[in-house]
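Please examine the sequence and the three-dimensional model shown below. The report that follows describes them part by part.

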Amino acid sequence: LFGYKTNKVSGYFTPIAPIKEDLLTLPSGYQYHVVAAFGDVINQNGDTFGFNNDFTVYFPIEGSNNRGLLWVNHEYSSEVFVHGKKVGTYTKEQIDIMLYNQGGSIIEVYRDEAGVWKMDTSSQYARRVTGLTPFKMVGIAAGTASVNNATQVQGTFANCSGGMTLWNTLLSCEENFEETSADCGLDPTHYGWVVEVDPFDSSFEIRKHTNLGRFNHENTAMGLANDGKIVVYMGDDKKDACIYKFISNGIYSAAAGKANSDLLTDGTLYAADLKKGKWIALTIEAVQKLLNDDAYKVPALITKKKDELKAIFLTQADIAVYTHEAAIMLGASPTDRPEDIEICPFDKTFFVAHTNNDNHGNIHGHITRFFEKDADHGAMDFDFEIFAAGGRQSGFSAPDNLTFDSNGNLWTVTDISSSSMNKGVHTSFGNNGMFIIPVAGPDKGVALQFASAPTDAELTGPWFTPDESTLFLAVQHPGENTTDVTKPTSMWPHRAGDTIPRPAVVAITGFTF
Ligand code: FEO
Ligand code: CA
Ligand code: CA
Ligand code: CA
């Protein structure tokens, strides 16, 4: 199996040192194969794999660890490598290219007799979901004035990370939607949501879940409260932004299958107050009470004036659309860019990667561990600790996506921006990487490097097959600092015939213990 037992770290792999090469480097004994790269044809219709792959999630076909569907997010498009330079405004053709290359891909993957993972382009399932695909809006804000009465909207983009549901669908998170919606002339209230897709069933209406709030969504981590309600933890990847959880009103039923999706359209959204250790319910009544109090001063973090806020916050749907403003006004804690959240499989604690926040001198970020009262995801009280801090001593900086293996080790990938990488206080870290951090045992909190990314790239979306014999990983934005397409700063994955670097998903194998 992947990973190592926490009391036997050195027996399983030898951590690698920081590296600056234009390579995806793994410890001795492990290898990777490129499964799909930007521009590859994915199906018989000739659809192609989008740009800047991020979140990956593997859905076994008939329970197999050797054949399944892989959903892959495509977070953003590149002026240099994809849609071309903006001259004044983008042309319609450029907008269509930009939107096509964002969203997600569903591809079918299999491991051949030689043990090599490949894409099966004859798949009946392989398809694209893009910035041009129609979406249904569901939940409290659907069809309301808060979203210009929209019940159907155009496409998804800025898809960063996501999560799997308990009913075998996926959630994909719209993160930095502002730039693309402005560039493409699209209504910003139609983006910044969590979207749901069923990779196996194209007749399942792909949807945007408005009850999960609208902000710079990083990912979702779904669990069950002790009373059987659905709980979804979510980060808002912005400086000085909050940690959220949604609790459904209804109870999860395994027998209900995909109909459980409706549980996400009825419930309460909470934000975390780290000073009091309490979850604050975000309600229109509480926000209006504040705004109607003449003595109330709007916190400095909110750029809108009190009169503007009074005009915005009219119904509960407005809480869904302007979630961050509501959370800050109601006393939720601004934190240092809360990125991925994952639930520990053993004790129901949950971990939040705070990537960094240069507003407060938190340059290297940290990972926080939350303890819900009575180990209940439905609790209203919690405690927390800094589980691991970035910096020279720990060896990592800017933690981003998280995942757990079945030995209880936390895996994290790092997201030092390509403009800061290998410079100044980031010199000692080398390129971005992937690290294993045991959650218990003698190596608790120690980061051991498992992978190093190519030049300018970040590693994203780590996802294991159920038996942990394979780890899927996305290599995002290799060669991002390129300004002249004829002189790319990276040529990863160094495929014969390529003239540009290509973001690609790889399958890592090699575990024999
Ligand atoms: Fe797209 Fe928060 O990383
Ligand atoms: Ca991320
Ligand atoms: Ca990031
Ligand atoms: Ca990224």
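The buried residues of helix 3 (92–100) pack against helix 2 (79–83) and helix 4 (178–183). In helix 3 these buried residues are Q94, M98, L99 and Y100. A residue is called buried if 20 or more other C-beta atoms lie within 10 Å of its own, exposed if 12 or fewer do, and partly exposed in between, with C-beta atoms placed from the backbone. Helices (H or I, at least four residues) and strands (E, at least two residues) are DSSP runs, numbered from the N terminus.

This is a predicted model, in which local features need a pLDDT of at least 70 and side-chain atom pairs count only at pLDDT 80 or more, while totals for chains, interfaces and linings use all residues. Residues are numbered from 1 along each chain as its sequence is written, and chains are lettered from A and ligands numbered from 1 in the order in which they are written.

**Confidence.** The pLDDT, the predictor's confidence in each residue from 0 to 100, averages 95 over the chain, and 97% of the residues score at least 70. Over residues 1–11, however, pLDDT stays under 50. Where pLDDT is low, the predicted coordinates should not be read in detail. For the complex, the predictor gives an ipTM of 0.93 and a pTM of 0.97.

**Overall form.** The chain contains 8 helices and 30 strands. Its radius of gyration, taken over C-alpha atoms, is 22 Å, close to the 24 Å that the globule rule gives for 513 residues, so the chain is as compact as a globular protein of that length. The globule rule is 2.2 Å times the number of residues to the power 0.38. Along the principal axes, the C-alpha atoms fill a box of roughly 65 × 55 × 55 Å. Of the 513 residues, 53% are buried. Two residues are in contact if their C-beta atoms, placed from the backbone, lie within 7 Å. Among contacts between residues at least 6 apart in sequence, 61% join residues at least 24 apart.

**Domains.** How is the chain divided into domains? The assignment, which is automatic or taken from a database, gives domain 1 (9–282 + 330–509) and domain 2 (283–329). The contact between them takes 22 residues from domain 1 and 17 residues from domain 2. On the side of domain 1 that touches domain 2, strand 15 (239–241) and strand 17 (267–273) each supply at least two residues. By class, that side has 13 nonpolar, 6 polar and 3 charged residues. Here Ala, Val, Leu, Ile, Met, Phe, Trp, Tyr, Cys and Pro count as nonpolar, Asp, Glu, Lys and Arg as charged, and the others, Gly among them, as polar. The C-alpha centres of domain 1 and domain 2 lie 30 Å apart.

**The nonpolar core.** In soluble globular proteins, nonpolar side chains tend to be buried together. A nonpolar core is a set of buried Ala, Val, Leu, Ile, Met, Phe, Trp, Tyr and Cys residues joined through C-beta atoms within 7 Å. The largest such core has 135 residues, of which A271, V475 and V506 touch the most other members. This core draws at least three residues from each of domain 1 and domain 2. Not counting residues up to four places away in sequence, V506 touches L24, Y32, H33, V34, V35, L473 and V475.

| Residue | C-beta neighbours within 10 Å | Class |
|---|---|---|
| L263 | 24 | buried |
| A398 | 26 | buried |
| G257 | 11 | exposed |

L263 lies in the loop between strand 16 (243–251) and strand 17. Leaving aside neighbours within four places in sequence, L263 is in contact with I230, S248, G250 and Y252. G257 is also found in the loop between strand 16 and strand 17, and its C-alpha atom is separated by 45 Å from that of A17, 240 residues away along the chain.

Which backbone angle stands out at D240? D240, in strand 15, has a positive phi of about 60 degrees although it is not a glycine. A398, in the loop between strand 23 (382–389) and strand 24 (399–404), likewise has a positive phi, near 65 degrees. Finally, a cis peptide bond joins W492 and P493, with omega about 5 degrees. P493 is placed in the loop between strand 29 (471–476) and strand 30 (504–509).
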